[in-house]
Amino acid sequence: MARMTLHDTLLDRARTALDACGAALPEGTGWTARSPIDGSSLLEMKAHTAADVEAAIGTAHAAFLQWRTVPAPVRGNLVKRYGRLLEEHKEQLADLVTIEVGKIRSEALGEIQEMIDICEFALGLSRQLEGRTMPSERPGHRLMETWHPAGVVAVISAFNFPAAVWSWNTALALVCGDSVIWKPSELTPLTSLACAALLDRAIAETGAPVGLHQLLLADRDDSAALLDDKRVAVVSATGSERMGAQVGPRVAARFGKAILELGGNNAAIVAPSADLDLALRGIVFAAAGTAGQRCTSMRRVVAHTSVADQLVERIARAYSGLPVGNPFDDGTLVGPLINAAAYERMQASIARAVEAGGVLVAGGERVEVSGPDSYYVRPAIVRMPAQSDVVREETFAPLLYVMTYDGLDDAIAIHNDVPQGLSSSIFTLDQREAETFMSAAGSDCGIVNVNIGTSGAEIGGAFGGETTTGGGRESGSDAWRGYMRRATNTINYSDQLPLAQGVNFG
Ligand code: NAD
């Protein structure tokens, strides 16, 4: 019997996972699924057209009009059922994430676990979509807020979290009474087909309206109506700052609501008092994990001059021992980059950093794993003498810049001197330093951690960042408010009509 090639194995595993999730490929051509594990093309499918997008908006809007009248706790049944289906299909969904993104097994399973977690969160939330009651200044009056479903929510997702970020948005939007249209990354159609098929099943089994969720494998041009159509109340877009700069103004031009989750340039300050063993582990996971392809990946370390040499040496040593390879293999900690362009951008950034006076301490070279069409690299560490333009940009690869500081004020200034504001951390055992970093004069990011790295957020907190990261918040805390509209109600239960601010009108 002929030996199965890596390509055959990936194809077989992808087909098995799709079948198990009940996902059928849209028949036709125009869209290709590929795997960064060996760089091969796996499956062809039909790309949706602008007309399909137009039709999907109409169907989703009709479904919304029904769904918004279903009581929120009853809507919770849908995410409850979906969470169970995710638990049952966790292995297969994780397979698809590994095949399309190259995440190692444990991280791919973690991504699906995050989906299960948000379904549980959303189920609880379905009984807690609360509004406030405020004292009215007028006698015999009551003032309160009510929250209503917003409408159709378009979710545009990035390749590196092909399932979890969509589910953060979708689970919340569904209990909030919205319908959802999903435009996934061009790089991850199979994962989205499987996630959507399971959600369709949950919709059918719980009697929710047909068309409540729709998946569109349409490119950015053909899906433009999602940005422009007034029936799409909220556009939640995750991706690069470049994408946000295009999507944000376009949605704003029609006064639509955008939730933008864009690039990060995340750093850790390592103080003299830091537990260096802890810092080392936190930095290596955040900088090299997921092959540096998380929005929260650590891209910069700002280390005190007293610890910098030792820290750099230890990171370099840890990097040299990190197993780089096929993400399905036990023991692999660093999988492939998504494609050739990502590899070229990493090399270009290293060259620019060296030109700006940086020293490449370790890594950056390609590692041969499975042929010329796949791109595996050893994570790189570059010591930078000072800030420079290349450090201010997000390079979506395992490339870590290390800079030094003498006083905490300098460290915070260096830390904040980038356009992005997603995630940040400080390693210190000095409470004054930790509190200063978390204070208004400290980190300017949406996520501010102490003694853990920049990546690996839990779903309970609101996730997102400031400045060019886009300002959006998703997932936990009160992020649900982004998927609803607020009404302020004043109720007069007296027989008088007093006016606010003491105005007298005859
Ligand atoms: P990308 O910007 O290339 O694409 C993201 C998505 O936006 C894709 O679905 C793409 O088709 C779509 N898109 C791009 N331009 C568009 C346009 N003009 N109109 C409509 N849709 C458009 O990003 P990527 O390479 O897939 O993902 C990596 C980037 O995403 C990184 O910058 C990373 O930091 C960021 N990211 C951010 C978060 C976050 O929560 N802040 C999470 C994950 C990824």
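Let's start at an opening in the protein: the second largest pocket is lined by 13 residues, and Ala196, Asp200, His213, Gln214 and Leu215 lie nearest its centre. Helix H7 (189-206) and strand S7 (213-215) are the elements that give two or more residues to this lining, and H7 gives the most, with five. By class, the lining has eight nonpolar, four polar and one charged residues. The volume of this second largest pocket is about 240 Å³.

Before we go on, here is what you are looking at. This is a predicted model, where local features need pLDDT of at least 70 and side-chain atom pairs count only at pLDDT 80 or more, while totals for chains, interfaces and linings use all residues. Residues are numbered from 1 along each chain as its sequence is written, and side-chain values use heavy atoms, with hydrogens and water left out.

A few terms will come up again and again. On a 1 Å grid over the protein atoms alone, a pocket is an open set of points with protein on both sides within 12 Å along at least five of seven lines; a cavity is a set of points where a 1.4 Å probe fits but cannot get out; and lining residues have an atom within 4 Å of a point. Grid points are joined across faces, edges and corners, and a volume is the space filled by probe spheres set on the points. Helices (H or I, at least four residues) and strands (E, at least two) are DSSP runs, numbered from the N terminus. For the classes, Ala, Val, Leu, Ile, Met, Phe, Trp, Tyr, Cys and Pro count as nonpolar, Asp, Glu, Lys and Arg as charged, and the others, Gly among them, as polar.

Now zoom out to the domains. The domain assignment (its bounds come from an automatic or database assignment) gives domain 1 (6-262 + 470-487) and domain 2 (266-458). Their C-alpha centres lie 30 Å apart, and the contact between them (heavy atoms within 4.5 Å) takes 26 residues from domain 1 and 26 residues from domain 2.

What about the inside? The largest nonpolar core has 141 residues, and those with the most contacts inside it are Tyr82, Val270 and Ile283. Such a core is a set of buried Ala, Val, Leu, Ile, Met, Phe, Trp, Tyr and Cys residues joined through side-chain atoms within 4.5 Å; buried means under 20% relative accessible area, exposed over 50%, and partly exposed in between (1.4 Å probe, protein chains only). Helix H7 turns up again here, giving the most to this core with 10 residues. The core draws at least three residues from each of domain 1 and domain 2. Apart from it lies another core, of 21 residues, among them Val53, Ile57, Val235 and Val247.

Follow Tyr82 for a moment. Leaving out residues up to four places away in sequence, Tyr82 touches Met115, Cys119, Trp166, Cys195, Leu198, Leu199 and Ala202. Helix H6 (164-175) and helix H3 (72-88) each supply at least two residues of its lining, with the largest share, five residues, coming from H6. Eight of the lining residues are nonpolar, two are polar and none is charged. Thr170 is found in helix H6. Why does Thr170 count as buried? Because its relative accessible area is 2%. Thr170 touches Val155, Val180, Leu199 and His213, again not counting residues up to four places away in sequence.

The largest cavity holds about 60 Å³ of space. Its lining draws at least three residues from each of domain 1 and domain 2 and divides into five nonpolar, four polar and two charged residues. One of the residues lining this cavity is Thr290, which sits in the loop between helix H10 (276-288) and strand S11 (298-304). Thr290 counts as buried because its relative accessibility is 9%. Its phi is near 55 degrees, a positive value in a residue other than glycine. Most residues other than glycine have a negative phi.

Phe255 also has a positive phi, near 60 degrees. You'll find Phe255 in the loop between helix H9 (241-253) and strand S9 (257-261), and at 76% relative accessibility it counts as exposed.
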